[in-house]
Every structure is written in structure tokens, then in C-alpha cells.
Amino acid sequence: MDASMPLRLQLTGITKQFPGVLANDNISFGVKPGEIHALLGENGAGKSTLVKMIYGIMQPDAGEIRWNGEPVVITNPKAARKLGIGMVFQHFSLFEALTVLENIALGMDGSLKSRELEARIREVMHTYGLLLDPHRTVATLSVGERQRIEIVRALLLDPKLLIMDEPTSVLTPQEVEQLFEVLRKLAAQGCSILYISHKLDEIKALCDTATILRGGKLVDTCDPKQETSRSMAEKMIGTGLRDIVRAKGRQLGAPKLVVSRLSTHKTGHFDVPVNDVSFTVRAGEIFGIAGVAGNGQNALLDALSGEILGDDKEAITLDGYPLGLLNTTGRRKRGLCAVPEERNGHAAVGEFSLADNSVLTARDRLGMVMLGLINSGAAKTYTGKVIADFAVKALGPGSMAGSLSGGNLQKYIMGREILQRPSVLVVSQPTWGVDAGAAAAIHQALVDLAAEGSAIVVISQDLDELLALCDTLAVINLGRLSAARPVGEVSVEEIGLLMGGVHGATEASNAVPA
Amino acid sequence: MLFRLEKRREPSQLMRYLTPVAAVVLTMVVGAIIFSLIGYDGIGAVREIFLTPLTNSYKWQDLGVKAAPLIIIGVGLSIAYRANVWNIGAEGQYVVGGLAGTWVALATHGLNGPWILPLMVLAGVLGGMAYAAIPALLRTRLNVNEILTSLMLTYASVQLIYYLIRAPWKDPMGMGFPQTRLFAEAARLPTILPGTIVHLGVPIAVLVALVAWFIMSRSVFGYQMRVVGTAPHAARYGGFSENKTIWLAMLVSGGLAGLAGVLEVAGPFQRMVPGFPTNYGFTAIIVAFLGRLNPLGVIFAGLVMAITFVGGEVAQTTIGLPNAATGIFQAMVLFFLLGGDLLVRYRVRRVHGAAAPGTA
């Protein structure tokens, strides 16, 4: 990389104002050709806004973007792609019922004969070692494989800058390693990569430079290899991090939640049901369930919470009491509360106030209903307590749930369930998309709840979270749960292999002969 | 050049409540233009339909009597629509409610006592519920769309009237007219203002709306309707069964339509006649939306629609407007209302050239 070469991308004084919030405040940094450049920051730090302006989805209010030294105005994503900017989004836009080839063809700007397109796709896959059968239906692919479609789609345009938005949040450790190989190869050929993440270990392993944003401002541009994860995290959050505090010499109690031979029926075409799942969670224990997205986690949560009912009342017991045939209300009354993964529209109603959202799950345990009428005073008081105890940034109990940011809504939802002091709490993705500060607060609250003698089940795709939080760990793959193992006795590689499970095998047998 | 609808981040609450007013005003303006263009006195038509019923105090009692069934049915529909249960067949439930009341009136003919009217009302409510139970059963058991079944059952109910009043219930002294005998005094709804046609159904309508408002805003039942309609997934998580909600919504809206039916037959009609179905059940759909699915709003919306009914009759005699004109005006109100709602929730953006498909 010649120092005299112009920067691939240079931002100078980029500013973007939204009503009530300055999303980007005078941001300036440059990306060199062939550089892997991390963009690091908490949720709401302004990363998404910034890359949306680079990709032409939004326009900056002030500032200049230079591309290979020339000032440019990027009016829309098509213009961005024309310049040579590709982007792989965190959420994929794929049609499940179509094949890989058909999905890629649909996203192309120009039209290309499918035979030519297939030839080009195979060429790109071969060059970068992206293994994928173009004729497979997307519904049969793992998340990692789906992400490869998006990457291939971007690479077909021969980009000079590839933006990756939180690419590893849904991948197994092995898939992450494969992705890094591809990215390193790309960078070696001169393609710059702007890598958005808040996973510090990955940034240390992959990136040459890191630009850290906080509250819309650029805090620091540093070399991640010279920093520790902790020092970068502190720059990102602004204050010193708190570690999870656990009481010493903790003893696990008697079995509390016993799940035996739990199965669910297949409900939708692409759903994965749970199959013959058994596990036991003792009082005071945090039981983690790892796994790649789409392996039956949703069905397992719904079966535990009571949204899906099984046929056997003894399949789920709490302190020996059979819960298998009770609906969510019945299970809550017995002390089992749950938090599903999807916040808006499932765990909370965006169009309702926070107080009304408290009525949704806390009405029976906290006596908010008398003679069929809702005691809105009690709901408001409880909601106020949740807001205060969990530092939810909201105007008050009357705020609409949908007006809260994702992280704040998650803090509210977790608080709403935890303050009910359930004897069993089942949560899915408790800190998905939540910034590090809020994640630490949620983790601490879970640990504290367990310390009071509750049994907790955490379903998550974030292995670091599970390893830090849980006493016991099991892996779900294609609806089946592996044997539970104490966290101290299991290696990341072992878990990764279990997570890859069957997917890894099918991948090898169906891979494109390169 | 294309147009694209983009969801607004936060729809204006003020506009949500101004839309009904704007819809009525737009209806008057566009209605005047259309009727002028086809050769009627357009401005006169709007004046007679929308203003005369208000300025002529003699018409006020008509307003009350027409508004009462619209409000009662509209309240029931607003509850069902809140839960995303689309009962379009209130007209049929209204008819069956009226028939059930008629059956009690005829069966008790010759008897006397203050229990007859309450019994008729009970029969009317149960009749409406029973008729609404058919779409509810089909929806919850076989997943048949309630919009289609409830609408089609309306036409079946009209045939039921024709059958009953031509044969088993025909007035023996009616000189061959297809109608039942006049109800006995004990089976007629009393008027509450002497010298007017304002009957007991009018205060009942206001009471129904007030009670419904209280229940919808304060009770678990109201909460259930709202949460199932807004976020069905969250409702299941909150422990509310979707099927139970469909049943409740259908039974409440059907029961109230049946109540309106029995009050109509015992009040203004006082016998069952072929002209009993007067589209109140369909107009109440407009009333529910115009009232923003809020029982208190339904009171005002019911009055507005009653104005068009009364005014339509006035315009027929004064400026020779056809009866169908009323329907055109009512339909325009709904059209502008739904269009206005769309614009409150979305903004229209002009897109130049072919829209980029984008990879997002």
C-alpha cells in the first residue's frame, strides 16, 4: 500500500441531524485501499447512519465524501454500487422459497442471462472459497450460508469497498473463521472493507484500523492490535466497564424446572420444531442454550412459555407441578415467565404505552386486575419501578413502547419480567442488539435473580454471553438438544462443532466442486 | 415516474381526529360538484342533505330515531374491528334480531305484562348472537374468512323475512299483504318524549355507547380486543387466545346488531314488514370507522350518518334527488375517510425512473 495513493474513501466533517438527535457530529476518517477498517460503537452511536450515507440511503447535512480522492455525492444505493461500494446488511433480504441463483438474479441492477450469471457466481465463489450450491433453495440453508449469498451478491459487482454490518452476530465460531478468510483474501486483492461490529475480539483478530464512535462523535481511531478489548470497550462506552458480580461459594439448589421428552409439532413451512428435548434446571442455576439461529430456538421458547401447547402435561414441571397443558397465563401464575426474542410485536406492543405493556404479562402476578377491570394506577406504578430500576430511557409509563430504542425496550421488557420475581425465567437473546452498558446491566440482573433461587434458561446465539453468564450449557441443533455440560468443562471448539452439527455435514456434501 | 407510499415515522394524532371532519367536508364539496355535473342542483342537494336536518328543528326527532340503531350497531362493530375481526354482516344479525323479537311478540300476542318487552329484547340479542355465531364457528374451526360468510348470511336473512311474513307469520287480517300483524301495546317500545316519535331506543343507544366506552378503555375484555387486533403475536404471549377473541368479538357485535333490530321492530315499525332491512347494518360500518372505532366517537358518527339518511329523504321531496343519492354520499364519506387515513399513516413520494431494486 503506497502512501502516496489516494484514500479509497475519505469522510470530512460528516454531520447528520435527526429531529431531536445529532446522529453524526463532524465525523472525519479515511479508509485506505485494501484496508480492513472497523467501525465500532454502541447501539445508537451513529454507525448505521454513517454507513447509510456512504451507501447512498441518506444524504449528509454537511461534510464531504471523497472517493479515490474525488469529491462525490452519492444520491442512492445504485449510484453507490456504480462507484464500487457494496454492502452486506445485518438482516438478509432473501426469498426463502427461491434458489440461491434466483435470489442473486433478483438483486442485480442489470439483467444477465442465467447461464452467464451462474458462471460468474461460480467464478466468484471459486476465487474467494465461498462454498455454496447455486441451485439450493434458500430455506434449506443455514444462516452462514445465507450470508454467503449476500456476500456473493455484493462481490459480483466487483466492489472496491465492501461494507459489512454486524456480519458475525448469527454465525458459529467456525463460520466466523471462514468469513474472515474470505475477507482477508478480498483485502489482499485491494478491496477495502468497512467492518461494523461491537465484538472486540473479532476486531482485534481481523481489522487493521478501528474508528470508534460514541454518541454520534468520533472518539478515537486506533490500531486494534495495539489495544486490549477492555480499553476499546471503555472508549466505546465512555465509562469503566463493570464485571458481572457473583456471590462466592454459590450452591445450586433442588431441581426446579424439569423438561422431559418435550416435542412440538411443525407449525409453518420453514419452522423447525423441537424434538424430544429433556433438561433440568436447578434453583439458582443459569442454564444456557447455544445454537445457530433457526434450529428450533423459537419453538423451544414458545413451548416453554406456553404459547405452543404440547400433548403431555408432565413434559414440563415446575417444583414437580405439571405445566405442560397450561397456557402462558397459567404458567405465569405458577411462576414461569418468559421473554421471546422478537421485542416489537411479540414481547411488547409498540403501539401501546409501557404501562399497558406491563398489563400484558404482569397483570395476574401483580394484581392489576379486579373484577375484570384493569387497575391502571397499579400498572403505572409498577412500570415506573421498572423504568427506575433498569434505567430505561423513557419519558414515563405513558411513553409508547415503539418510541423506545431497541436496547431500552429490551431493558424494559427484561425488567418487567425480572421484577415479577419469577421462580423460572426463560429468555431468548436477552441482549440482542443491546449496547454493552445495557447488556451488562441485564446480565447482572439475571445473575441477581438466580442468586435469589430462581432457575433461569438463556437461549442465545452469542457464545461469549453464554460462557460469561451460565453455569451449564447445552446446544440446540435442528430441534434437538445436546447433553448439558458445566461451562467450565467445555471448550469453545466443542460447542462450535455441536452448533455446526448437521449443517456442517450437509454443507460439505452439497458444496460446489471448486 | 412512479409514486411510492412511505410509512410515516409518527402519524399525527391530531390528523387522526381531523380526518373524519375533513372526509365529511370533502364529501360535501365533491358531492356538490358531481350532482351539478349530472344536471341536479348540486349545492341545493348538499344543503338539503347535510344542513336541513340540522336547521329544521322538526327533523331532530328523526335524527335521533335514525341515529339510535346506527350507534348501537356501530358500537358493536367498532369493538369487533378493534380486534381485527371483520364482521361485515351486521345487517343480517340486525334482521335476525328483529325476527327473534317479532317471534316473541307474536307468541305473546293477547298476553299482557311488563315482561314482554324485556323478553323480546333478550330474544333479539340472542338472535343476533346466534346468527353471528355461524361465521365465528366457521372461522375458528375451518379458518373460513368471516368477511365472506357474514356478508353472504345477510342475504340469507332477508330471504328468511320474506318466507316468514308470506307464510307462517302472515297477518290473518292483512288483506294479503306480506307482513305480520301490528304488535300489541305491550310489545311496542314506548316513546319517551310525548308528541314525538323518539322512543326508548334512543337513550338506550347512548347508554350502550357509554358502557362500551368504559369497558373498552378499562376492562381486561377491552384490553384483549385491542391487543389481539394490534399485535396478535404479543396477545398470544400475553395469554389471550385468538379463537376466544374471535368468538367474543362476533358475539358482542352480533348481539348489539340484534338489539338494534329488536328495538327497530318494536319501535318505529311495530310489525315485521318486507322493508325492515334498511341497510343500517352496512351504514354502521361507516359509522364505526368515522367514529375512529371509539364508542364515544361512534355517537357523533351515528348522528352524521343519520343526517344523510334524513337529509336524503328531504332532498327527494324538495329537489327531486333520487333515493340512491344518500348511498352515494355515504359511500363518499367512507372513501375519503379511508383515503385520509392512508395519508395520515403514509406519505406519497414521487420516484423518478424505475425504482432501484436495491439489495436492502
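This tour moves through the structure one selection at a time.

**Before starting.** The model is predicted, and local features need pLDDT of at least 70, side-chain atom pairs count only at pLDDT 80 or more, and totals for chains, interfaces and linings use all residues. Residues are numbered from 1 along each chain as its sequence is written, chains are lettered from A and ligands numbered from 1 in the order in which they are written, and side-chain values use heavy atoms, with hydrogens and water left out.

**Stop 1: the domains of chain A.** Select residues 9-237 of chain A for domain 1, then 255-347 together with 422-510 for domain 2; these bounds come from an automatic or database domain assignment. The centres of the two domains of chain A, taken over C-alpha atoms, lie 31 Å apart.

Stop 2: Select the open sheet of chain A whose 4 strands follow the order E2-E1-E4-E5 with antiparallel pairing. Strands (E, at least two residues) and helices (H or I, at least four) are DSSP runs numbered from the N terminus, and two strands pair if DSSP finds at least two bridges between them. At the edges are E2 (21-31) and E5 (70-72) of chain A, each pairing on one side only. Neighbouring strands of this sheet are turned by 30° against each other on average, direction ignored. Helix H1 (residues 47-54) of chain A packs on the sheet and touches E1 (9-18), E2 and E4 of chain A; contact means heavy atoms within 4.5 Å. The direction of H1 makes about 120° with that of E1(A), where angles run from 0 to 180 degrees between N-to-C directions and axes are lines fitted to C-alpha atoms, for helices over the stretch in contact. Next, show E4 (residues 62-67) of chain A, which pairs with E5(A) over 3 bridges; Ile65(A) stands opposite Val72(A).

**Stop 3: a sheet in chain A with the order E12-E11-E14-E15.** This open sheet has 4 strands, and the pairing is antiparallel. Its edge strands are E12 (277-282) and E15 (321-322) of chain A. E11 (residues 255-262) of chain A is joined to E12(A) by 5 bridges, with Val259(A) opposite Phe279(A).

**Stop 4: the helix pair in chain B.** Select H3 (residues 60-82) and H10 (residues 242-269) of chain B, which pack at about 170° with axes 7 Å apart. H3(B) and H10(B) are therefore roughly antiparallel, a term for angles over 145 degrees. Among the residues that meet are Ile72(B) and Leu77(B) in H3(B), and Leu256(B) and Leu263(B) in H10(B).

**Stop 5: where the chains meet.** Here 40 residues of chain A are in contact with 21 residues of chain B. The two chains bury about 2,500 Å² between them, 58% of it on carbon and sulfur atoms; buried area is the accessible area (1.4 Å probe) that two parts lose on being put together, summed over both.

Conventions
Angles under 35 degrees count as roughly parallel, over 145 as roughly antiparallel, 65 to 115 as roughly perpendicular and the rest as oblique.
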